[in-house]
Amino acid sequence: YYINYKLMKKKVKRYTEQIEVGTQNHHFVLKDFSRLLDYQIEKIVLFLLEKQGLLATRLSNLGEQHHALIQQSDGSRISELQEAYRAVGQELLRLLFFVEMNAIGIRKILKKFDKRFGCKFTDYYVKTRANHPYSQLRQVFKHVGFGAVVGAISHNLADLQDLQNNQGNYISIYDQPAFSHPDPVIDSIKSAVDRLSNSTNFLHFLGRHAFIMEEELPTPSEDECFEQRYHFMSLLLNLANTFLYMVNTYIIVPTADDYSLSLGAAATVCGVVIGSMAVAQLFSSVYFSAWSNRSYLRPLVFSSIVLLVGNTLYALAYDLNSISVLLIGRLFCGLGSARAINRRYISDCVPLKLRMQASAAFVSASALGMACGPALACLLQTKFKIYKLTFNEETLPGWLMALAWLVYLLWLWISFREPHFETKENLVPNEANAGQLANVTVENGYTQPLLMKIEAKQQDEDEDQERDDAEEDSQEIHKPVTSIVVACRLLTPSVKVQLFVYFMLKYAMEIVLAESSVITGYYFIWPISKVAIFLACLGLTVLPVNVIVGKYMTNIFEERQVLLASEIMVCIGILLSFHMFNPYSVPQYVGSALITFVSAEVLEGVNLSLLSRCMSSRLSRGTYNGGLLSTEAGTLARVVADGTITLSGYLGESKLLNSTLLPALLICVSSIIATCCNYNSLY
């Protein structure tokens with residue numbers, strides 16, 4: 001009842017030969033392969049349902065015996081009944097391994113088909129089958145029905161344990177989920193389900209928003225490796241680094257224009273002040289990504305020291321009356337950007353069962369930092385001197401962040417645990433090791449019979465097929481790319497479009513945020529505190545928007561539909577922001593900024609979710625990974641946006657708004673056109 005992987009591979013090979021000689025066309029091949037795969041999945045699912053039915057019958061019979069035992073108060077048969085429930089658990093565990101092997105087989109054959117024919121058949125097949133109301137594919141990948149069986153075994157074992165301990169009070173695990181008696185069988189089942197199951201849609205959405213790319217399912221040996229590398233406090237320190245860096249980025253936005261004026265520069269130089277951090281980040285992302293191949297602690301320590309120095313220089317620039325020192329300080333802050341390290345740590349050191357939660361925490365920490373930065377600036381409205389050092393609303397953000405990074409550095413040095421680094425040769429590819437899952441001993445030396453089938457199949461393969469398998473397995477090792485040029489060659493047209501969309505949304509967001517203090521000061525004469533509150537409110541919309549999109553919108557609409565609609569809304573927000581009529585009102589500015597920013601946030605989540613699925617698996621690890629490429633695209637957008645603000649300042653503050661919005665509008669329209677042209681390839 002396993003998927004006939006050997007037959008499917010021969011079919012793919014035959015399709016290739018038929019297309020080469022012209023006896024068949026692509027339409028027939030897609031239709032015939034879909035029919036064959038549907039049959040294989042149907043065979044798996046019907047067998048699975050039959051076995052689940054048998055388990056349900058056994059549980060029903062045991063339930064009657066359990067009820068009779070309670071009525072008769074016969075404690076002598078409790079142990080016998082417990083063992084019977086555990087035996088059902090062992091059968092369920094074997095069934096889970098059966099599902100896992102078939103899931104890997106389906107993934108492999110779909111990848112092989114895509115590779116041979118150079119198409120996105122996997123996207124089409126999964127989309128059409130998984131979302132259908134009568135989906136059989138969902139039975140394999142979502143493990144429908146297993147939860148009820150696990151629940152029946154768990155609560156009956158807990159009840160029997162209470163009877164054995166002569167506890168008179170009946171406490172249900174359903175009333176108090178935390179109340180349960182540990183049992184090796186239940187623990188084994190939970191471990192198996194954790195390897196296969198995904199978290200909620202919202203966590204998935206946030207995880208992809210963090211652009212921490214998922215790889216194939218890990219084998220038990222890899223799970224053990226992840227457990228050894230994982231350290232909760234180290235993960236917490238990475239999340240704290242993410243939070244502090246985002247605070248550091250946005251805490252100076254409300255006061256950057258006033259600081260520039262205090263040092264004798266134009267208010268629009270705030271674009272350079274804000275953007276200099278992004279310029280440095282273009283380079284720091286690369287060397288931190290490369291450094292993380294060898295260590296996590298050392299680059300994080302280096303990052304903290306550089307940020308400590310950068311913020312100190314930023315604060316000292318006021319008393320030194322030097323715009324150069326101010327810019328150097330911000331450049332240092334950009335050189336300390338360790339977001340590449342934070343992403344890599346979650347991807348490489350957090351077990352699969354916790355990775356999505358960690359990814360969601362990464363996005364949440366970023367969003368919270370983005371909101372807290374301007375909010376803290378609002379609280380720093382004071383002025384005093386200590387010796388020759390001035391502490392005011394312009395320098396206090398620098399001093400506060402310098403102190404924060406000093407405390408973080410001490411915490412890092414005391415608490416961080418460097419994970420063990422393995423050479424690439426010692427890393428076992430996930431699917432190449434799939435047969436090892438069949439060797440897992442379930443009970444008393446019981447071994448999955450699939451191992452014999454796999455060995456028999458391997459012996460039957462001819463030499464050409466073995467070479468083909470070797471080639472495929474070498475591809476599946478996900479050997480990291482060694483240069484940015486190779487990474488760019490791996491980008492498909494749809495991925496390039498998604499990176500351009502990401503560039504556009506980051507450009508639009510940076511325009512809204514970076515010029516807010518200048519625009520609101522010129523048109524509405526807002527004080528710093530009011531600008532800070534406005535920016536903090538924008539930052540606070542991030543998580544609620546992701547909740548709505550992750551839990552609701554992506555369940556109703558296709559992600560590409562949400563993507564295109566969000567791009568159009570960003571375009572509408574930009575159009576509404578133009579100063580066309582006098583007077584330019586607060587409701588118009590706030591409303592249009594809110595539409596632009598929120599739409600861009602929706603767009604960012606969906607865009608990175610699509611990117612995480614479309615990018616080559618070779619970009620999931622290594623220095624030049626998918627996260628680095630997206631970070632570089634977003635950082636470049638911020639640099640260009642901040643440069644646009646500064647250059648537009650030469651036209652005068654009265655023309656600043658329209659002259660910065662015009663390029664944003666052109667880029668947005670271009671991204672909409674590119675998305676429409678590649679709409680069918682976006683899955």
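User: At which residue does α12 bend by about 30°?
Analyst: This is a predicted model, in which local features need pLDDT of at least 70 and side-chain atom pairs count only at pLDDT 80 or more, while totals for chains, interfaces and linings use all residues. Residues are numbered from 1 along each chain as its sequence is written, and side-chain values use heavy atoms, without hydrogens and water. Helices are DSSP runs (H or I, at least four residues) numbered from the N terminus, and a bend is the angle between axes fitted to the seven residues ending at a residue and the seven starting there. For α12, the bend of about 30° is located at L282.

User: What distance separates the end C-alpha atoms of α12?
Analyst: The expected span of a helix is 1.5 Å times one less than its number of residues. Helix α12 covers residues 270–291, so its 22 residues should span 32 Å. The model agrees, as the end C-alpha atoms are separated by 32 Å.

User: Is N321 buried or exposed?
Analyst: N321 lies in the loop between α13 and α14 (323–335), where it takes a positive phi of about 50° just after α13. Relative accessible area decides the class (buried under 20%, exposed over 50%, partly exposed in between; 1.4 Å probe, protein chains only). Because its relative accessibility is 52%, N321 counts as exposed.

User: How many disulfides does a search of the whole structure find?
Analyst: A disulfide requires a pair of cysteine sulfur atoms within 2.5 Å. The search of the whole structure finds 0. C378, for instance, has its nearest cysteine sulfur, that of C537, 10.0 Å away, and for C676 the nearest, that of C677, is 6.9 Å away. The number of disulfides is therefore, by the cut-off of 2.5 Å, 0.

User: How much space lies in the largest cavity?
Analyst: A cavity is a set of points, on a 1 Å grid over the protein atoms alone, where a 1.4 Å probe fits but cannot get out. Points are joined across faces, edges and corners, and the volume is the space filled by probe spheres set on them. The count comes to 6 cavities of 30 Å³ or more. The largest cavity holds about 450 Å³.

User: How many residues of the lining of the largest cavity are charged?
Analyst: Lining residues have an atom within 4 Å of a point, and the largest cavity has 27 of them, with M246, R339, Y502, K506 and E604 nearest its centre. Asp, Glu, Lys and Arg count as charged, Ala, Val, Leu, Ile, Met, Phe, Trp, Tyr, Cys and Pro as nonpolar, and the others, Gly among them, as polar. The lining has 12 nonpolar and 8 polar residues, and its charged residues number 7.

Definitions and conventions. 1 Å grid on protein atoms, 1.4 Å probe; cavity = no way out; pocket = protein on both sides within 12 Å on 5 of 7 lines; lining within 4 Å. Helix = DSSP H or I, 4+ residues; strand = E, 2+ residues; numbered from the N terminus.
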